[in-house]
Amino acid sequence: MTKTSAKIRMYKVGELGDCFLLTFGKAKKLSHVVIDCGSFRNSSKSKTRLRKIANHIKETIGQNPVDLLVGTHQHNDHMSGFAHAEDIFRDITVNQVFLSWLDNPKDKLRGKVLEEHKKIVSALRDIQKANKGVNMDKTLKDALNSLIDFGAKGDGPVLTNKATELLKELGQNDIEYVSPGMSYSLPGDLSELVKVHVLGPPRSYVSLKDTSAGKKETYDPHLSFLGVKADALNRVAKVEENYPFNKKYTRKISDFNSVDFEGYQEYQNPKFKWRNIDNDWKSMATGMALHLDSMTNNTSIVLAFELVDSNRYLLFVGDAQTGNWNSWTNIKWEDEKVSTDDILENTVFYKVGHHGSHNATQPQVFEKANHPDLIAMIPVDKSDPNLTKSYHPWKMPAKNLNKRLHDKTEGRVLRMDDTKLDRKVNWTKKPKIDKNLFVEVEII
Ligand SMILES: [Zn+2]
Ligand SMILES: [Zn+2]
């Protein structure tokens with residue numbers, strides 16, 4: 001008897017971003033799932049492309065509903081398409097929506113995380129305000145502009161908020177704010193044959209803040225730098241008046257005008273500018289803003305889709321980073337028959353975390369995924385300006401991770417920028433590459 005199959009289509013968003021259409025099938029029964037739809041930039045080109053993709057999803061499913069629609073986390077490159085193609089998505093019937101417990105306004109822990117988060121964001125925004133027009137570091141500016149507020153009104157990024165609101169609306173009949181350990185039957189015709197298990201995001205602020213990879217927590221330790229320790233974020237949040245440095249210790253230049261301050265002349269001499277620490281806070285603040293941005297990655301929903309009749313799993317991790325990965329081993333599963341090890345050992349498909357960055361596939365966890373049929377997909381496009389820029393280009397996919405993925409899958413790694421298949425690689429079923437629109441593989 002044929003087993004339940006799964007088609008996984010990764011849309012080519014043309015830059016960094018995620019948009020996946022899953023089609024599960026058994027005999028004549030079908031079920032569709034959409035996971036994320038977004039791209040990094042919001043250029044008119046990005047927008048046009050995302051609308052084309054949304055229309056293509058609609059065309060593909062025809063009169064069928066999307067049984068499950070997932071928004072993994074509040075980053076533009078995963079959500080913007082829902083906003084840019086709102087009208088198209090509104091035209092699709094959606095049976096169930098997954099957002100994370102961090103999107104649930106009634107969740108108490110979410111409230112606490114949000115409060116801490118807001119303090120840091122507001123401290124960073126103060127820096128931005130106080131330094132308007134003053135030689136503001138571009139990285140800091142970018143980071144501040146992309147910060148999330150978990151839907152907080154007023155200053156949250158407009159697009160991700162809009163997208164989240166749309167998802168809530170589309171899921172009004174059945175919206176699940178998922179937490180680790182929960183298991184669901186996929187709504188629709190295949191509910192007995194496809195189960196969805198939730199591994200992340202962890203319900204722990206400590207885990208959410210843990211975004212950097214220790215030496216053993218990455219395949220690419222050379223890319224791992226501690227940056228800003230999670231602790232620093234906590235301290236900042238507690239500092240008086242939401243200022244990154246305690247006001248007690250800050251001095252303005254004007255304070256020195258009236259006093260006979262030895263060395264002041266030298267301090268003002270442009271030749272010795274490099275000795276000033278005035279701007280040092282900027283690199284600290286930049287680090288913090290970037291860390292906060294990584295924390296958003298860590299709020300990613302992580303799902304394992306179980307093909308029940310063959311005990312195989314498809315693992316979608318969004319942009320989950322170290323703390324999210326580490327938390328999976330301690331999940332208390334609602335259904336005692338489910339176990340994280342069983343999921344990992346029988347994973348036949350892996351959606352690579354955070355576009356292949358060094359801190360989004362944790363070796364100690366991922367090495368448990370040893371199924372001989374393993375296939376991996378990396379939503380990465382080498383033409384993305386973040387990857388090609390000369391100053392600090394993003395290493396995606398990270399070199400050693402990429403190599404390990406190829407080893408483990410015997411070359412069955414697909415990317416958004418693939419235009420043809422490597423002939424030497426063996427596939428149970430040959431993937432389909434549509435040069436313009438998608439890369440697709442079928443698990444049979
Ligand atoms: Zn992200
Ligand atoms: Zn992303």
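Predicted model: local features only at pLDDT ≥ 70, side-chain atom pairs only at ≥ 80, totals over all residues.
I will start with the chain as a whole. There are 444 residues, and 55% of them are buried. The secondary structure amounts to 16 helices and 15 strands. If you take the contacts with a separation of 6 or more, 74% of them are between residues 24 or more positions apart.

Next, the sheet. Seven strands make an open sheet, and the order across it is E7-E8-E9-E10-E11-E12-E13. The pairing is mixed. At the edges are strand E7, residues 183–185, and strand E13, residues 413–415, each of which pairs on one side only. From one strand to the next, the twist averages 20°.

Let me go to strand E9, residues 302–307. How many of the residues of strand E9 are buried? The count is 6 of the 6, so the strand is largely enclosed by the rest of the structure.

With strand E8, residues 194–200, the pairing is antiparallel over 6 bridges. Ala304 in E9 is the bridge partner of His197. With E10 the pairing is again in the antiparallel sense, over 5 bridges, and there Leu307 has Arg312 as its bridge partner. E9 and E10 form a hairpin, with 4 residues between the strands. Asn311 sits in that turn and has a positive phi of about 45°.

Further along the sheet, strand E11, residues 347–351, pairs with strand E12, residues 375–378. This pairing is parallel and runs over 3 bridges. Tyr350 is opposite Ala376 in E12. Helix H16, residues 399–409, lies across E11, E12 and E13, and runs at about 150° to E12.

Now the zinc ions. His73 has a relative accessible area of 2%, which is under 20%, so His73 is buried. His75, at 8%, is buried too.

The zinc ion that is ligand 2 is coordinated by Asp77 through OD, His78 through NE2, Asp319 through OD and His355 through NE2, at 2.1 Å. The spacing along the chain is D-H-x240-D-x35-H. Why is this site irregular? Its 4 donor atoms subtend angles of 82 to 153°, and that makes the arrangement irregular.

Asp319 coordinates both zinc ions, which are 3.4 Å apart. Asp77 lies in helix H2, residues 76–84, and Asp319 lies in the loop between strand E10 and helix H12, so the pair ties together parts that are 242 residues apart in sequence. Both of these aspartates are buried: Asp77 has 7% relative accessibility, and Asp319 has 1%.

Two more residues before I stop. Gln96 is in the loop between helix H3, residues 86–90, and strand E5, residues 97–100. Is Gln96 buried or exposed? At 4% relative accessibility, Gln96 is buried. Its side chain makes a polar contact with the side chain of Asp174, at 2.8 Å. Apart from neighbours within four places in sequence, the residues in contact with Gln96 include Val66, Asp67, Leu68, Tyr184 and Pro187.

The other residue is Thr60, in helix H1, residues 44–61. Thr60 has 31% relative accessibility and counts as partly exposed. Leaving out residues up to four places away in sequence, Thr60 touches Arg9, Tyr11 and Leu21. Thr60 and Thr23 are 37 residues apart in sequence, and their C-alpha atoms are 9.8 Å apart in space.

That is the end of the tour.

Note on methods
Residues numbered from 1 in each chain as written. Chains lettered and ligands numbered in written order. Heavy atoms only, no water. Pairing = 2+ DSSP bridges. Helix = DSSP H or I, 4+ residues; strand = E, 2+ residues; numbered from the N terminus. Axes fitted to C-alpha atoms, helices over the stretch in contact; angles between N-to-C directions. Contact = heavy atoms within 4.5 Å. Buried < 20%, exposed > 50% of the residue type's maximum accessible area, 1.4 Å probe, protein only. Donors = N, O, S within 2.8 Å, 3.2 Å for Na, K, Ca; no water. Tetrahedral: all angles 85-135°; square planar, octahedral: opposite > 155°, others 65-115°. Polar contact = N/O pair within 3.5 Å; in protein donor to acceptor, adjacent residues only side chain to side chain.
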